Amino acid sequence: MSTSSSSTTKRGALIFLHGLGDSPAGWSSLEHSLPSMNPSLKQSEVEYVFPPAPTIGLTINGGMSMPGWFDLYDWPIGVGAKDDPEGMRAAVAQVHAQVERLESEHGLKRNQIVLGGFSQGAAIALLATYHLNNHKNKNEDNEDAPLAFAGCACLSGWLTMTDDLKEMADTNVASQTPLFWAHGKYDDKVLFEQQADGIERLTSVGTLTAPITSLQYPMGHESDRQEIQALANFLDQVLPPL
């Protein structure tokens, strides 16, 4: 789902995934708040995409259905929480479908696209960027060549499928993708420990060698204006100019 349909040449795009039980409407205000903080992120120059999660049964809710990118088995979500690999891979496939649409409809390449999200959505953004980033663009010789995303923005998220990190570290071009990770110090849903653990894991195995913006705020499982301003600054830095 995209909220901007302009065919004007753009500097890039932001695909932002909402959290558990939410909808695209919960974060679509970013297409207004980000440009208000940095005019270079206006909709005529940046394509904003807010995909909807499917409605699925959640184990932590006794099977009750709600919008979610994958199943959850532990609450709160601390380091070592159980993964749902099948659901996560399906969610990443949805993200890659959005990437392909941006490529075909707007002529954007992956190095012009930032993947981001909040909470569960941030977990999928991390996964699609640093684990399962297997899409390719044509290089100058018209051969398939891997290409990193412009950036990844994780708001109150966590790193999943960590057992696969070492295996993918040697060949994953995601090592070139800058990371923005902001987290609330008093988060009681996705615990604050996830930020330090996730960054340490990504860097220790060589999966991530690009610049990291790591920010902490005196808040819970939420966002605030300071965080969004920092996100705007990050996006302006990593998206290529027109």
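Reader: Where is P76 placed?
Author: In this predicted model, P76 sits in the loop between β4 (65–67) and α2 (85–106).

Reader: And what is the peptide bond from W75 to P76 like, cis or trans?
Author: That bond is cis, and its omega is near 0 degrees.

Reader: Which residue has a phi near 60 degrees?
Author: S119 does, and the value is positive in a residue other than glycine. S119 belongs to the loop between β5 and α3 (120–130).

Reader: Is S119 buried or exposed?
Author: S119 is buried, since its relative accessible area is 8% and the cut-off for buried is under 20%.

Reader: What about the phi of M161?
Author: The phi of M161 is also given as positive, at about 50 degrees, although M161 is not a glycine. The loop between β8 (151–155) and α4 (165–168) holds M161. With a relative accessible area of 7%, M161 is buried.

Reader: Changing topic: in what order do the strands of the open sheet come?
Author: Six strands form the open sheet, in the order β2-β1-β5-β8-β9-β10, and their pairing is parallel.

Reader: Which strands stand at the edges, and why is one side of each left without a neighbour?
Author: The edge strands are β2 and β10 (212–217). Each has a single partner strand, so one of its sides has no neighbour in the sheet. From one strand to the next, the twist averages 10 degrees.

Reader: How many bridges join β1 and β5?
Author: Strand β1 (residues 12–17) and strand β5 (residues 113–118) pair over five bridges, in the parallel sense. I15 stands opposite L115 in β5.

Reader: Which strands does helix α1 touch?
Author: Helix α1 (residues 30–37) packs on the sheet and touches β1 and β2. The direction of α1 makes about 145 degrees with that of β2.

Reader: Which residues of α1 are buried?
Author: In α1, the buried residues are L30, E31, L34, P35 and M37. They cover an arc of only 160 degrees around the axis, and therefore lie on the same side of α1.

Reader: Why would residues three or four places apart point the same way?
Author: An α-helix has 3.6 residues a turn, so residues with that spacing point the same way.

Reader: What covers the buried residues of α1, and what is on the face turned away?
Author: The cover includes β1, β2 and α6 (225–238). On the face turned away from the buried side of α1 are the exposed residues H32 and S36.

Reader: Which strands does helix α5 lie across?
Author: Helix α5 (residues 193–204) lies across β9 (179–184) and β10, and runs at about 160 degrees to β9.

Reader: Last topic, confidence: what pLDDT does the protein chain average?
Author: The protein chain averages a pLDDT of 89, and 87% of the residues score at least 70.

Reader: Where is the pLDDT below 50?
Author: Residues 1–8 have a pLDDT below 50, and this stretch makes 21 contacts in the model beyond near neighbours in sequence. Over residues 137–142 the pLDDT also stays under 50, and the model has eleven contacts for them beyond four places in sequence.

Notes: Residues are numbered from 1 along each chain as its sequence is written. This is a predicted model: local features need pLDDT of at least 70, side-chain atom pairs count only at pLDDT 80 or more; totals for chains, interfaces and linings use all residues. Side-chain values use heavy atoms; hydrogens and water are left out. Two strands pair if DSSP finds at least two bridges between them. Helices (H or I, at least four residues) and strands (E, at least two) are DSSP runs, numbered from the N terminus. Axes are lines fitted to C-alpha atoms, for helices over the stretch in contact, and angles run from 0 to 180 degrees between N-to-C directions. Contact means heavy atoms within 4.5 Å. Buried means under 20% relative accessible area, exposed over 50%, partly exposed in between (1.4 Å probe, protein chains only). The arc is that of the directions from the helix axis to the C-beta atoms. pLDDT is the predictor's confidence in each residue, from 0 to 100.
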